[in-house]
Amino acid sequence: MGAGVIKKSGGGRRGRRRGASAAMSEINVTPFVDVMLVLLIIFMVAAPLLTVGVPVKLPETAANALPTEQEEPLTITLVADGRLMIQTTETAEAELIPKLSAIAAERTSKKVFLRADGSIPYERVAQVMGALNKGGFQDIGLVTDVGGPTFGGNDG
């Protein structure tokens, strides 16, 4: 990527001397483009891995997606086998409210997303929502998949 010196052969106009040297002022951008393409590929591969990684079969609804926040969203997950997860960390039911209170004290946003497997009974989901409220989170968003039934006959 440096500049080089080019030897000019004689015969030029305006009295240039034979064998005079002139600085080459071209920049080689090929290595820069190579690095940028490698970074692009790395980010394309890494981006799907940045989502919360607890596999849950979410129920489908007609609700639209919520707008994104600047702070990383707090996600509580109820797995089909009954386990309770804060982000990707399994948490005992007795430790849920103290952990939520500690998390709420450190966060600026009081928004939390609740992901529950579709096979979980509504009573269990309501109990966890009560624990979230008691832990200091009043803005609870229920996470679902899109494409479920729409009520009101606007399917077409």
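Me: What percentage of the contacts with a separation of 6 or more in the protein chain comes from residues 24 or more positions apart?

Reply: Contacts may be sorted by how far apart the two partners lie in the sequence. In this predicted model, 67% of the contacts with a separation of 6 or more join residues 24 or more positions apart.

Me: How many helices and strands does the protein chain have, and in what order do the elements run?

Reply: The elements are read from the N terminus on. The protein chain has 3 helices and 9 strands, and their order is β-β-α-β-β-β-β-α-β-α-β-β.

Me: Which elements each supply at least two residues of the lining of the second largest pocket?

Reply: A pocket may be described by its space and by the residues that line it. The second largest pocket holds about 220 Å³ of space. Strand S7 (111-116), helix H3 (122-134) and strand S8 (139-143) each contribute at least two lining residues, and H3 gives the largest share, with 3 residues.

Me: Which residues line the second largest pocket, and how does the lining divide by class?

Reply: The lining includes Pro59, Leu114, Asp117, Gly118, Tyr122, Met129 and Thr144. By class, the lining comprises 9 nonpolar, 2 polar and 1 charged residues. Asp117 belongs to this lining, and Asp counts as charged.

How values were computed: Residues numbered from 1 in each chain as written. Predicted model: local features only at pLDDT ≥ 70, side-chain atom pairs only at ≥ 80, totals over all residues. Heavy atoms only, no water. 1 Å grid on protein atoms, 1.4 Å probe; cavity = no way out; pocket = protein on both sides within 12 Å on 5 of 7 lines; lining within 4 Å. Points joined across faces, edges and corners; volume = space filled by probe spheres on them. Helix = DSSP H or I, 4+ residues; strand = E, 2+ residues; numbered from the N terminus. Contact = heavy atoms within 4.5 Å.
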